[in-house]
Amino acid sequence: MVITSSAPGIKLQGNICKITSIAFARQQNCKRLLPNRSISTDPLRLCGSLLSSPLLLPSPLSLRARGNDAGEMASPPRTVICVGDVHGYISKLESLWANLQAALPADAFAAALVIFLGDYNDRGPHTRRVLDFLLALPARHPAQRHVFLCGNHDLAFAAFVGALPPPPDGSPFAATWAQYIDNEAHEGWFRGPGHEDMHVQGRRWGGVIKERWNPKKGLPYKGSIYDAQPTFESYGVAHGSPDLVKAVPEEHKKFLHDLVWVHEEEDVPIDTDGGQILCKLIAVHAGLEKSLDLNEQLRVLRTRDTRVPKVQMLSGRQDVWNIPQGLAGKQTIVVSGHHAKLHLDGLRFIIDEGGGYADKPIAAVVFPSKEVIRSSEGTASRN
């Protein structure tokens, strides 16, 4: 079953979309799903009975009502929040954060794992304020865990301001140009001071594209092929100016430098019609390529291999849409942003309802419930 933001499988209640039904047991080859009444809440008995099969947990309400064998109240499953692309829209980000806080139980929100799926800059007008907001989260919510993924726009921004991790073999960033050099004139790559050893995506990001109209989006380009002009202006400099390197605060450069390319989390609970199953979760900005070796993809992502001119797992489209062959039949959730769509299909989640458009909301998905919560701003055009 495939669910999109306009499909009847999503029930909209204000800014919360509830995924009403999904047959995980059949889709994910769960061959041993026990009914809730047969599962003990004793951890030793639970692990022993299900060690060799996909793990199914009773619902949180069932756990809280029954407690464990010692008569203690069982803890509810941890909450995992995955936030889609922000693209410089601070008011949408603030609205989404407030809606998340209002929709979730206070204890669940306070201790949540929050994974931001990347693309914090470009298109919207307030990249600087977005990064300030994100940097302040650990102090504002010290019991939460925050993961900040790198998107393709973030990689390019980091490359331009000198914050990209160096290639692991010590090769120059200029070695990334050759594969795409035929596009240099058309895309108007940056040729100012510092371009001599800049990653190809940094040069594309800070350049000036000759075409003024983006036919894929039906909108004019904003400066470069990445729509980077608003990011420059949020730091008080003109698009394409090398002064951006000085204008970006050191803490913002460190944030860009430290962005991870993939996050892997074990034992993430997800609700199904039969109860909760525990899955591994892989979060990556665009997705994992379906036909390429999974281990090699994960190596590139884990090591942040900046020798690669264009990282498909951060920038691909149809080639990273589905769950890759290497994960077929495994209990693995794959969550991404990037695609300007809200798409849920089995254990594949694409959470980017905004896509950098001014009139569309920022969305987040919450596990285990699979609720999709959205910013209030940007929703009017959909009603």
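A residue counts as buried when its relative accessible area is under 20%. The exercises below apply this cut-off to a predicted model.

**Exercise 1.** Decide whether Glu-353 is buried or exposed, and find its side-chain partner.

*Solution.* 
1. Locate the residue: Glu-353 sits in the loop that runs between β14 (348-351) and β15 (363-367).
2. Apply the cut-off: the relative accessibility of Glu-353 is 6%, so this residue counts as buried.
3. Look for a polar partner: the side chain of Glu-353 makes a polar contact of 3.2 Å with the side chain of Arg-374.

**Exercise 2.** Describe the largest pocket by its volume, its lining and the classes of its lining residues.

*Solution.* 
1. Volume: the largest pocket holds about 920 Å³ of space.
2. Lining: 40 residues line the largest pocket, and those nearest its centre are Asn-152, Lys-216, Ser-315, Arg-317 and His-338.
3. Elements: two or more lining residues come from each of α7 (152-160), α9 (200-206) and α14 (312-315).
4. Classes: the lining divides into 15 polar, 14 nonpolar and 11 charged residues.

**Exercise 3.** Compare the span of helix α6 with the expected one, then list its buried residues and what covers them.

*Solution.* 
1. Span: α6 covers residues 127-140, 14 residues in total, and its first and last C-alpha are 20 Å apart. This is close to the 20 Å expected at 1.5 Å a residue.
2. Burial: Thr-127, Val-130, Leu-131, Phe-133, Leu-134 and Leu-137 are the buried residues of α6.
3. Cover: the elements over these buried residues include α4 (90-103), β6 (113-116), β7 (145-148), α7, α10 (229-234) and α12 (250-258).

**Exercise 4.** Explain why α7 is described as largely enclosed.

*Solution.* 
1. Count: nine of the nine residues of α7 are buried, and therefore the helix is largely enclosed by the rest of the structure.
2. Names: among the buried residues of α7 are Asn-152, His-153, Asp-154 and Phe-160.
3. Cover: α6, α9, α10, α11 (244-247), α12 and α14 are included in what covers the buried residues of α7.
4. What follows: after α7 comes Gly-162, with a positive phi near 75°.

**Exercise 5.** Characterise the surroundings of Gly-206.

*Solution.* 
1. Place: Gly-206 belongs to helix α9.
2. Burial: a relative accessibility of 3% means that Gly-206 counts as buried.
3. Contacts: leaving aside residues up to four places away in sequence, Gly-206 touches Phe-160, Phe-190, Phe-232, His-239 and Gly-240.

Technical notes:
Residues numbered from 1 in each chain as written. Predicted model: local features only at pLDDT ≥ 70, side-chain atom pairs only at ≥ 80, totals over all residues. Heavy atoms only, no water. Helix = DSSP H or I, 4+ residues; strand = E, 2+ residues; numbered from the N terminus. Buried < 20%, exposed > 50% of the residue type's maximum accessible area, 1.4 Å probe, protein only. Polar contact = N/O pair within 3.5 Å; in protein donor to acceptor, adjacent residues only side chain to side chain. 1 Å grid on protein atoms, 1.4 Å probe; cavity = no way out; pocket = protein on both sides within 12 Å on 5 of 7 lines; lining within 4 Å. Points joined across faces, edges and corners; volume = space filled by probe spheres on them. Nonpolar A, V, L, I, M, F, W, Y, C, P; charged D, E, K, R; others polar. Expected span 1.5 Å × (residues − 1). Contact = heavy atoms within 4.5 Å.
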